[in-house]
Amino acid sequence: MNQLEESMRRGLGGALERVSVRALVQVDSTNLRLKEEARAGRIRPPFLLMADSQTAGRGRLGRRFVSPPETGLYMSLFISPPPETESGKITILSAVAVCRAIEEATGLRPKIKWVNDLFVKGKKVCGILAERIDQGVIVGIGVNLLTPPGGFPPEAGAAGALDKQVDRGLLAGLIARYLLEGLEKIGDPSILDAYRARMPLVGRQVRYVRNGQEKTALVTGVAQDGGLMIEDENGPSVLRTGEVTLGSEQFAQGWRREEAQNE
Ligand code: BTN
């Protein structure tokens, strides 16, 4: 077992000896790799894969996820949720698990931008890509730990980093631990409460894009299945993940203002 795998195990804690872990130096995408392995029946859940860098890191909506070496955490967890678990619930659980792990490892308090981007000081520090396959779900998580030399490329938009020295293996293990613990009580309202507590959008106006058209609405809450409850001139409705996008820059600006006022 290499050093990274050892610290992943420390983060996972003794109770989770059943999790298989693997750390690689480089991979195209940890999500892709786990999907291939799972489909071929070579691995069983829960399985945690981490890589130092990715040559084809993937984000939501077909975007690229910039994954240079030594500055980020790139991991995927293959899980087997109870049958009939709504995808939204896994999304919410994943965002909460990563927040808790970052809070424990760094003392920072990330905020969640619906649906599952994490922001610190108005910058996106983490993205999550959960993908369903016949064998289960692959939850891919990318955390920017340090700003890469030369900064983030323009395509990374509102990207920023935790800018803390963190043991990557330990953080990966903690994330997997909180995710797997949460999975055992996936219907529990405490998960949604923990999400709502970190998602400061309720009561605020948001702009969103649906079918290529930009609209504005007031956020009224988060639904049980992870949908964003809104109200606009057409009355109340619920936004579903994948169906709409919210602008990161708008959030970043709002939160930067809010954090500056609280300092
Ligand atoms: C997003 O912000 O759109 C989601 C980004 C998810 C990136 C992670 S990095 C580890 C895993 N492997 C991938 O190819 N993507 C996810």
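A residue counts as near a molecule or strand if its C-beta atom, placed from the backbone, lies within 6 Å of it. The legends below describe a predicted model, in which local features need pLDDT of at least 70, side-chain atom pairs count only at pLDDT 80 or more, and totals for chains, interfaces and linings use all residues. Residues are numbered from 1 along each chain as its sequence is written.

**View 1. The shell around the ligand.** The ligand has 20 residues around it, and Ser29, Gly59, Gly127, Gly140 and Gly142 come nearest. At least two shell residues come from each of α2 (30-39), β3, β6 and β7. Helices (H or I, at least four residues) and strands (E, at least two) are DSSP runs, numbered from the N terminus. By class, the shell has six nonpolar, ten polar and four charged residues. Here Ala, Val, Leu, Ile, Met, Phe, Trp, Tyr, Cys and Pro count as nonpolar, Asp, Glu, Lys and Arg as charged, and the others, Gly among them, as polar.

**View 2. The seven-stranded sheet.** The strand order of this open sheet is β1-β2-β3-β7-β6-β5-β4, and its pairing is mixed. The edge strands, β1 (20-27) and β4 (111-113), each pair on one side only. On average, neighbouring strands are turned by 20° against each other, direction ignored. Two strands pair if DSSP finds at least two bridges between them. Strands of a sheet pair through backbone hydrogen bonds, either parallel or antiparallel. β6 (residues 123-133) and β7 (residues 136-144) are an antiparallel pair with eight bridges. Ile133 has Gly136 of β7 as its bridge partner.

**View 3. Helix α4 across the sheet.** α4 (residues 168-183) lies across β1, β2 (47-54), β3 (72-79) and β7. The helix runs at about 30° to β3. Axes are lines fitted to C-alpha atoms, for helices over the stretch in contact, and angles run from 0 to 180 degrees between N-to-C directions.

**View 4. Helix α1 against α4.** The axes of α1 (residues 3-12) and α4 are 6 Å apart, and the packing angle is about 40°. α1 is therefore oblique to α4. Angles under 35 degrees count as roughly parallel, over 145 as roughly antiparallel, 65 to 115 as roughly perpendicular and the rest as oblique. The crossing of α1 and α4 is right-handed. A crossing is left-handed if the near helix is turned anticlockwise from the far one by less than a right angle, and right-handed if clockwise. Contact residues include Leu4, Met8 and Leu12 of α1, and Leu170, Leu171 and Leu174 of α4. Eight residues of this α1-α4 contact are nonpolar, four are polar and four are charged. Two residues are in contact if their C-beta atoms, placed from the backbone, lie within 7 Å.

**View 5. Helix α3 with α4.** α3 (87-106) and α4 pack at about 140°, with their axes 8 Å apart. The two helices, α3 and α4, are therefore oblique to each other. Their crossing, α3 with α4, is right-handed. Among the α3 residues in this contact are Leu93, Val96, Ala97 and Arg100; α4 contributes residues including Leu174, Ile175, Tyr178 and Leu179. The α3-α4 contact has 13 nonpolar, two polar and two charged residues.

**View 6. Helix α3 with α5.** The axes of α3 and α5 (residues 189-197) come within 9 Å and cross at roughly 60°. α3 and α5 are therefore oblique to each other. This crossing of α3 and α5 is left-handed. Ile92, Leu93, Ala95 and Val96 of α3 meet Ile191, Leu192, Ala194 and Tyr195 of α5. The α3-α5 contact has eight nonpolar residues, no polar and no charged ones.

View 7. The peptide bond from Pro45 to Pro46 is cis, with omega near -5°. Pro46 sits in the loop between α2 and β2. Trp114 and Val115 are also joined by a cis peptide bond, with omega about 15°. The loop between β4 and β5 (117-120) holds Val115. Glu84 is not a glycine, yet has a positive phi of about 75°. Glu84 lies in the loop between β3 and α3.

View 8. β9 (residues 213-222) and β10 (residues 228-232) form an antiparallel pair over four bridges. Glu231 in β10 is the bridge partner of Leu218. Their hairpin has five residues between the strands, and Gly226 takes a positive phi near 95° there. β10 also pairs with β11 (residues 235-239), antiparallel, over five bridges. Ile230 stands opposite Ser237 in β11. Two residues form the hairpin link from β10 to β11.
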